[in-house]
Amino acid sequence: MPVKTARPIRSDRYPAKELCSRCGLCDTSYVQYVKEACAFITQRIEELEASAHGRSRQLDSDRELYFGVHSHMTAARKLEPIEGAQWTGIVSSIAIAMLEHNWVEGVVCVQNTEEDRFQPKPVIARTAEEVLAARVNKPTLSPNLSILDLVRESGMKRLLAIGVGCQIQALRAVQAELGLEKLYVLGTPCVDNVTRAGLQKFLETTSRSPETVVHYEFMQDFRVHFKHEDGSTETVPFFGLKTNQLKDVFAPSCMSCFDYVNSLADLVVGYMGAPFGWQWMVVRNDTGREMFDLVAEQLEFQPVMSKGDRKSAVQQSIPAYDKGVTLPMWAAQLMGVVIEKIGPKGLEYARFSIDSHFTRNYLYVKRNYPQKLEEHVPAYAKCIVSQYKLPDRALST
Ligand code: FAD
Ligand code: SF4
Ligand code: SF4
């Protein structure tokens with residue numbers, strides 16, 4: 001059966017306006033639920049955590065405060081990595097195993113268009129080949145939920161959806177309307193996403209050869225790693241990024257996002273809490289545990305660890321982020337080496353990244369959407385941000 005692809009996007013129907021992350025919901029008949037479902041109109045993470053996982057996160061547990069409701073967390077990697085996957089291909093492997101064991105009839109995932117390797121094309125994959133064709137990040141806003149009408153029309157009853165936080169919030173909000181017997185949700189963390197035009201600007205400002213980049217990731221060694229068509233690797237230290245030029249490159253949705261760790265997925269697969277080269281898995285509920293167990297024999301594991309102290313690095317980075325300071329490359333390289341040697345590792349690296357992004361995003365919302373601040377920022381994010389001193393300019397806005 002041919003892969004089902006989404007209908008073309010209409011540009012006049014996004015009630016979140018400039019904050020819209022193009023999650024795809026408003027390209028479907030489910031637009032009727034947008035007021036309650038859109039992550040940027042009504043923030044409902046804590047309430048939806050309770051319905052998805054049976055409880056909200058415990059704010060007095062440091063791990064849950066940062067990483068959300070969970071019963072298990074581990075570092076893992078595939079014994080036989082999938083060639084061309086973003087990391088070792090755990091996400092694709094779970095989707096393939098679920099199809100092959102007939103747990104689901106289809107998988108919502110994102111392939112790319114024929115013309116452009118980074119242009120997302122959401123599909124409902126029904127075979128291993130179709131899932132594999134969706135491997136590797138399309139590092140741009142992707143309208144994954146634009147296939148929801150196709151899901152209903154296909155009559156399928158058991159579905160796996162792969163997606164990032166804003167997509168999953170909207171999906172959870174309309175889950176009961178989809179007519180499914182079982183929905184499995186496999187999430188990835190997500191931060192600093194961009195439009196396709198923004199991605200081009202990022203590549204052109206940061207890589208030596210933007211047109212040959214096939215893959216990139218902001219890694220735990222405080223460097224961006226680019227992989228090029230010829231197999232070569234290029235690394236650029238975070239501190240050397242041209243932040244003055246990149247300040248406006250991230251989408252307003254992503255500058256206002258507080259769901260870095262995909263709080264509403266059953267199972268999350270990322271890298272941020274794992275040692276360099278390993279993936280990070282967070283099991284949030286019993287459904288997530290079943291998905292985890294299904295592929296466990298394809299993986300090797302090591303316990304998560306935490307080393308270092310992020311707090312002063314985060315505090316110092318707040319004004320730098322805020323002013324868009326860019327270091328000369330030699331200083332950036334040096335700083336990268338020092339931070340890699342003595343800086344936060346494992347879960348402490350993940351907390352560093354969450355703290356840096358939440359403080360930046362809090363300031364962004366406070367300055368640009370002060371009327372939304374109170375409702376839009378979840379309690380756990382307020383708690384995290386309150387550990388830091390923010391610039392007075394923002395506090396007096
Ligand atoms: P693969 O087996 O290669 O599968 C990748 C899956 O991602 C595919 O199924 C595809 O459908 C899906 N996908 C691709 N592009 C998109 C998209 N734009 N939107 C939704 N789904 C998509 N992890 C972290 O720990 N920290 C981060 O800051 C972080 N940022 C991310 C930003 C984006 C935009 C995305 C898509 C992912 C991010 N991740 C992050 C997750 C991480 O990069 C890997 O995707 C994850 O570890 C899975 O790797 P894998 O090899 O198992 O995936
Ligand atoms: Fe609609 Fe999604 Fe945009 Fe919100 S983010 S306005 S739900 S398309
Ligand atoms: Fe969505 Fe947040 Fe990722 Fe932006 S950073 S695409 S808003 S999950």
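Q: Is Arg310 buried or exposed?
A: This is a predicted model, and its values are computed. The cut-off for burial is under 20% relative accessible area. Arg310 has 6% relative accessibility, so Arg310 counts as buried.

Q: Which residue meets Arg310 in a salt bridge at 2.6 Å, N to O?
A: Side chains of opposite charge can pair when their charged atoms come close. The side chain of Arg310 has such a pairing, with 2.6 Å from N to O. The partner is Asp355.

Q: How many residues apart in sequence are the parts that Arg310 and Asp355 tie together?
A: The salt bridge joins the side chains of Arg310 and Asp355. Arg310 lies in the loop between strand E13 (306–307) and helix H12 (311–323). Asp355 lies in helix H14, so the pair ties together parts whose separation in sequence is 45 residues.

Q: What is the relative accessibility of Asp355, and is Asp355 buried or exposed?
A: Burial means under 20% relative accessible area. Asp355 counts as buried because its relative accessibility is 0%.

Q: Why are Glu348 and Arg351 separated by about one helical turn?
A: Glu348 forms a salt bridge with Arg351, and their closest N and O atoms are 3.0 Å apart. Both residues belong to helix H14. They are about one turn apart because their spacing in the helix is three residues.

Q: Which residues are joined into one network by salt bridges that share partners?
A: Glu348 is buried, with a relative accessible area of 6%. Arg351 counts as buried too, at 6% relative accessibility. Shared partners link their salt bridge to others, and the network consists of Asp62, Arg310, Glu348, Arg351 and Asp355.

Q: How many salt bridges does the structure hold?
A: One of them joins Arg310 and Asp355. Another joins Glu348 and Arg351. The total for the structure is 16.

Q: How many residues apart are Arg360 and Asp192?
A: The side chains of Arg360 and Asp192 meet in a salt bridge of 2.6 Å, N to O. The pair links distant parts of the chain. Arg360 is in helix H14, and Asp192 is in the loop between strand E6 (182–187) and helix H8 (196–206). Their separation is 168 residues.

Q: Are Arg360 and Asp192 buried or exposed?
A: The two residues pair through their side chains. Arg360 and Asp192 are both buried.

Q: Which helices each supply at least two residues of the shell around ligand 3?
A: Asp192 is one of the residues around ligand 3. Others include Phe40, Leu141, Gly165, Cys166, Ser253 and Cys254. The helices that each supply at least two residues of this shell are H7 (165–174) and H10 (252–255).

Q: How do the residues of the shell around ligand 3 divide, and how many are charged?
A: Eight residues of this shell are nonpolar. Three are polar. The charged count is one.

Q: Which residue is the nearest side chain of opposite charge to Asp259?
A: Asp259 lies in the loop between H10 and strand E10 (267–270). Asp259 is buried yet has no salt bridge. A salt bridge needs a nitrogen and a carboxyl oxygen within 4 Å. The nearest side chain of opposite charge is 5.0 Å away and belongs to Arg57.

Q: Which side chain does a polar contact of 2.6 Å join to that of Asp259?
A: Leaving aside neighbours within four places in sequence, Asp259 is in contact with Ile45, Gly165 and Tyr380. The polar contact of 2.6 Å joins Asp259 to Ser263.

Q: How far apart in space are Val365 and Ser253, C-alpha to C-alpha?
A: Val365 is in helix H14 (residues 347–368). At 2% relative accessibility, it counts as buried. Val365 and Ser253 are 112 residues apart in sequence. In space, their C-alpha separation is 10.0 Å.

Q: How far apart in space are Val185 and Thr243, C-alpha to C-alpha?
A: Val185 lies in strand E6. Val185 counts as buried, at 0% relative accessibility. Val185 and Thr243 are 58 residues apart in sequence. Their C-alpha separation in space is 34 Å.

Q: Which residue has a polar backbone atom 2.8 Å from an oxygen atom of ligand 1?
A: Ligand 1 has 33 residues around it. A polar backbone atom of Val91 is 2.9 Å from an oxygen atom of the ligand. A backbone N or O atom of Val110 also lies 2.9 Å from an oxygen atom of ligand 1. The residue at 2.8 Å is Val136.

Methods. Residues numbered from 1 in each chain as written. Chains lettered and ligands numbered in written order. Predicted model: local features only at pLDDT ≥ 70, side-chain atom pairs only at ≥ 80, totals over all residues. Heavy atoms only, no water. Near = heavy atom within 4 Å. Helix = DSSP H or I, 4+ residues; strand = E, 2+ residues; numbered from the N terminus. Nonpolar A, V, L, I, M, F, W, Y, C, P; charged D, E, K, R; others polar. Buried < 20%, exposed > 50% of the residue type's maximum accessible area, 1.4 Å probe, protein only. Lys, Arg positive; Asp, Glu negative; His and termini not counted. Polar contact = N/O pair within 3.5 Å; in protein donor to acceptor, adjacent residues only side chain to side chain. Contact = heavy atoms within 4.5 Å.
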